[in-house]
Amino acid sequence: MNVMFLPVLFAVLYHVHTLPLHTEEDEYHFKSWMSQHNKKYEINEYYQRLQIFLDNKKKIERHNAGDHMFSMGLNQFSDMTFTEFKKSFLLTEPQNCSATRGNHLSSNGPYPDTIDWRTKGNYVTNVKNQGACGSCWTFSTTGCLESVTAIATGKLLQLAEQQLVDCAGAFDNHGCSGGLPSHAFEYIMYNKGLMTEQDYPYKAKEGECRFKPELAAALVKDVVNITKYDEMGMVDAVARLNPVSFAYEVTSDFMHYKDGIYTSTACHNTTDMVNHAVLAVGYAEQNGTPYWIVKNSWGPYWGINGYFYIERGKNMCGLAACSSYPLPLV
Ligand SMILES: *[C@@H]1O[C@H](CO)[C@@H](O)[C@H](O)[C@H]1NC(C)=O
Ligand SMILES: *[C@@H]1O[C@H](CO)[C@@H](O)[C@H](O)[C@H]1NC(C)=O
Ligand SMILES: *[C@@H]1O[C@H](CO)[C@@H](O)[C@H](O)[C@H]1NC(C)=O
């Protein structure tokens, strides 16, 4: 072939390749999703996001047509690839979370079939939103300390994630790049206190530490680790004592979770693979499948009003790899 035609050929191929492969109806769906989630794009980005949205939508429809215990749906993440999602919302480095010998002392049960700390009393704050910052570990931490403090004192406070983002670095935590609840509880214990959300508002980005000792609102007496992979230890703690912080591995299907009991064959189950920290506020069972009731930090419109269910009893996605809770000092 005459090499002079090559640029023309490439231009034609390129054009064909970038022709919009979507219908008017697709764009209609995308635009209503955009307005529902307050999204705005420059024109180039619009077509790129539209394509990703349609890929995600297809994936969701394919999943929902199959036989699964959980369903998927569009949500605020539907214009992102999993690679983008991971970078903005998950822990990006392997965490040092293995408690080979934890200090939680399990009883021998018996345990109730169902427990839900949201309905036992005023013990669980509303679902919060971490925004585009890998600070899930701070929300798991405040959620757990809020609950144990409320259970001990009868007073439900809103505690400050931002203080942990800004100040807890000496305990192997890394602000928006990740950290662990057990390390954050240690920081709060040695720092002698965590301020309230109101006194130290959340910014979804790293800043300078502005801790004021006189405004410390919650204190930690001790940190309790549950031995790695001891999921019955988690059941024991949640059944008898309080909600428990845990970490697990989020894989690409989880960002589209809508409702039902999440299970996966794609995720790993070891301590080195966990990339998201959350709070177990209870457990239950449905049609013979036991599951955890879990508070997430992706806002109240994700999942089941900000919560999700995940299969219990199989160390699903490593959820029993590193779980912990604090003893409050009251
Ligand atoms: C894990 O521990 C090692 C050694 O203490 C440290 O260098 C590394 O930064 C830690 N990793 C994280 C993600 O905290
Ligand atoms: C709890 O586990 C963490 C690792 O996640 C470890 O750094 C810490 O020393 C442990 N604390 C106790 C009280 O065993
Ligand atoms: C992880 O999953 C594999 C395969 O199902 C299983 O053999 C192994 O025991 C699990 N490990 C842990 C720590 O749960």
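Here are some questions and answers about this predicted model and the words used to describe it.

Residues are numbered from 1 along each chain as its sequence is written, and chains are lettered from A and ligands numbered from 1 in the order in which they are written. The model is predicted, so to speak of local features a pLDDT of at least 70 is needed, side-chain atom pairs count only at pLDDT 80 or more, and totals for chains, interfaces and linings use all residues.

Q: What makes Y229 buried?
A: A residue is buried if 20 or more other C-beta atoms lie within 10 Å of its own, exposed if 12 or fewer, and partly exposed in between, with C-beta atoms placed from the backbone. Y229 has 20 other C-beta atoms within 10 Å, so it is buried. You'll find Y229 in the loop between β3 (220-226) and α9 (231-240); helices (H or I, at least four residues) and strands (E, at least two) are DSSP runs, numbered from the N terminus. Y229 also has a positive phi of about 70°, although it is not a glycine.

Q: Why does C317 count as buried?
A: C317 has 26 C-beta neighbours inside 10 Å, so it counts as buried. Its place is in the loop between β8 (307-311) and β9 (323-328). C317 takes a positive phi of about 55° and is not a glycine.

Q: Why is T289 called partly exposed?
A: T289 has 15 other C-beta atoms within 10 Å, and therefore it is partly exposed. T289 lies in strand β7 (residues 289-295).

Q: Which residues does T289 touch, not counting residues up to four places away in sequence?
A: Two residues are in contact if their C-beta atoms, placed from the backbone, lie within 7 Å. By that rule T289 touches M69, I261 and E311. As for R240, 49 residues apart from T289 along the chain, the two C-alpha atoms are separated by 21 Å.

Q: How do you know that S324 is buried?
A: Count the neighbours: S324 has 30 C-beta neighbours inside 10 Å, so it counts as buried. S324 sits in strand β9. Leaving aside neighbours within four places in sequence, its contacts are P181, S182, F185, V223, V224, N225, I226 and S245. Take F185: it is 139 residues apart from S324 in sequence and 9.0 Å apart in space, C-alpha to C-alpha.

Q: How do you know whether the span of helix α3 agrees or disagrees with what it should be?
A: The expected span of a helix is 1.5 Å times one less than its number of residues. For the 23 residues of α3 (residues 43-65) that should give 33 Å, and the end C-alpha atoms are 33 Å apart, so the two agree. The buried residues of α3 are L50, F53 and N56, and they pack against α2 (24-36).

Q: What about α2: why do its 13 residues agree with the span they should have?
A: They should span 18 Å, and the end C-alpha atoms are 18 Å apart, so that agrees. Just after α2, N38 takes a positive phi of about 55°.

Q: What makes the peptide bond from G109 to P110 cis?
A: Its omega is near 0°. P110 is in the loop between α4 (82-89) and β2 (115-116).

Q: Which residues surround ligand 1, and how do they divide by class?
A: A residue is near a molecule or strand if its C-beta atom, placed from the backbone, lies within 6 Å of it. For ligand 1 the surrounding residues are E93, Q95, N96 and D172. Ala, Val, Leu, Ile, Met, Phe, Trp, Tyr, Cys and Pro count as nonpolar, Asp, Glu, Lys and Arg as charged, and the others, Gly among them, as polar. That shell has no nonpolar, two polar and two charged residues.

Q: Into which domains is the protein chain divided?
A: Domain 1 is 24-67 and domain 2 is 83-328, with bounds from an automatic or database domain assignment. Their centres, taken over C-alpha atoms, are 31 Å apart.
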